[in-house]
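I opened the model to look up its ring pairs, salt bridges and nonpolar cores. My notes follow in the order I took them.

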Amino acid sequence: MTTLHTADATDQPAGGQRFFVSYSGIRLPFRLVTELTPAEIHNRNTFFRADYDAEGHLLGFEKVVYGEVAMSHRYRYYPCGSLQQAEITNHADEETTVLEFPQPVAG
């Protein structure tokens with residue numbers, strides 16, 4: 001499983017907080033698409049606020065709807081870069097699901 005996701009803005013620095021319009025796919029970690037500048041989020045009702053590490057791994061994101069966090073994902077990775085754990089929270093009902101992924105076998 002490929003886990004290095006730097007979304008669709010490859011000319012941006014890998015680490016830090018970034019903002020997006022949406023995501024694509026159903027596999028974890030999600031691939032966030034259509035990056036926004038910090039100034040662009042002030043005129044949006046819905047956006048994704050994401051945090052990346054220095055290597056470009058998506059550490060987590062929050063879906064912000066009308067100024068409130070509706071959903072969040074937090075990701076942990078094995079040293080090899082594969083996804084180890086995903087913590088998914090639906091903030092409407094305060095329910096959190098934790099998914100564990102097996103470490104890939106070196107081949």
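**Entry 1: rings.** I began with the aromatic side chains: Tyr23, Phe30, Phe48 and Phe61 are linked by ring pairs into a cluster. I took rings of Phe, Tyr and Trp (its six-membered ring) as paired if their centres lie within 6.5 Å, with planes under 30 degrees apart stacked, over 60 edge-to-face and the rest tilted. This is a predicted model, so I note the limits: local features need pLDDT of at least 70, side-chain atom pairs count only at pLDDT 80 or more, and totals for chains, interfaces and linings use all residues. Residues are numbered from 1 along each chain as its sequence is written, and side-chain values use heavy atoms, with hydrogens and water left out.

By the ring rule I get 6 aromatic pairs. I looked up tyrosine 23 with phenylalanine 48: the centres are 5.7 Å apart and the planes at 85 degrees, so this pair is edge-to-face. Tyrosine 23 is in strand β1 and phenylalanine 48 in strand β3, so the pair ties together parts 25 residues apart in sequence. Strands (E, at least two residues) and helices (H or I, at least four) are DSSP runs, numbered from the N terminus.

I checked burial next, with buried meaning under 20% relative accessible area, exposed over 50% and partly exposed in between (1.4 Å probe, protein chains only). Tyrosine 23 is partly exposed at 32%. Phenylalanine 48 is buried at 3%.

Phenylalanine 30 and phenylalanine 61 make a stacked pair, 5.9 Å centre to centre with 25 degrees between the planes. Phenylalanine 30 sits in the loop between β1 and β2, phenylalanine 61 in strand β4, so this pair ties together parts 31 residues apart in sequence. Phenylalanine 30 is buried at 10%, and phenylalanine 61 is buried at 0%.

**Entry 2: charges.** I found 3 salt bridges, each a side-chain nitrogen of Lys or Arg within 4 Å of a carboxyl oxygen of Asp or Glu. Arginine 18 pairs with glutamate 35, closest N and O atoms 3.0 Å apart. That pair links β1 (residues 16-24) to β2 (residues 31-36), 17 residues apart. Arginine 18 is buried at 5% relative accessibility; glutamate 35 is partly exposed at 21%.

What else does arginine 18 lie over? It lies over the face of tyrosine 52, 4.7 Å from the ring centre. My rule here was NZ of Lys or CZ of Arg within 6 Å of the ring centre and within 35 degrees of the ring normal.

Glutamate 62 bridges to arginine 49 at 2.6 Å between the closest N and O atoms. Glutamate 62 also meets arginine 74 at 3.5 Å, N to O. Shared partners join Arg49, Glu62 and Arg74 into one network. Arginine 49 is partly exposed at 24%, as is arginine 74 at 33%.

**Entry 3: cores.** I took a nonpolar core as buried Ala, Val, Leu, Ile, Met, Phe, Trp, Tyr and Cys residues joined through side-chain atoms within 4.5 Å. The largest has 13 residues, and those with the most contacts inside it are Leu32, Ala50, Leu58, Phe61 and Tyr75. β3 (46-52), β4 (58-65), β5 (68-77) and β6 (83-90) each give two or more residues to this core. β3 gives the most, with 3 residues. Another core, of 5 residues, lies apart from it and includes Phe19, Leu36, Phe47 and Val64.
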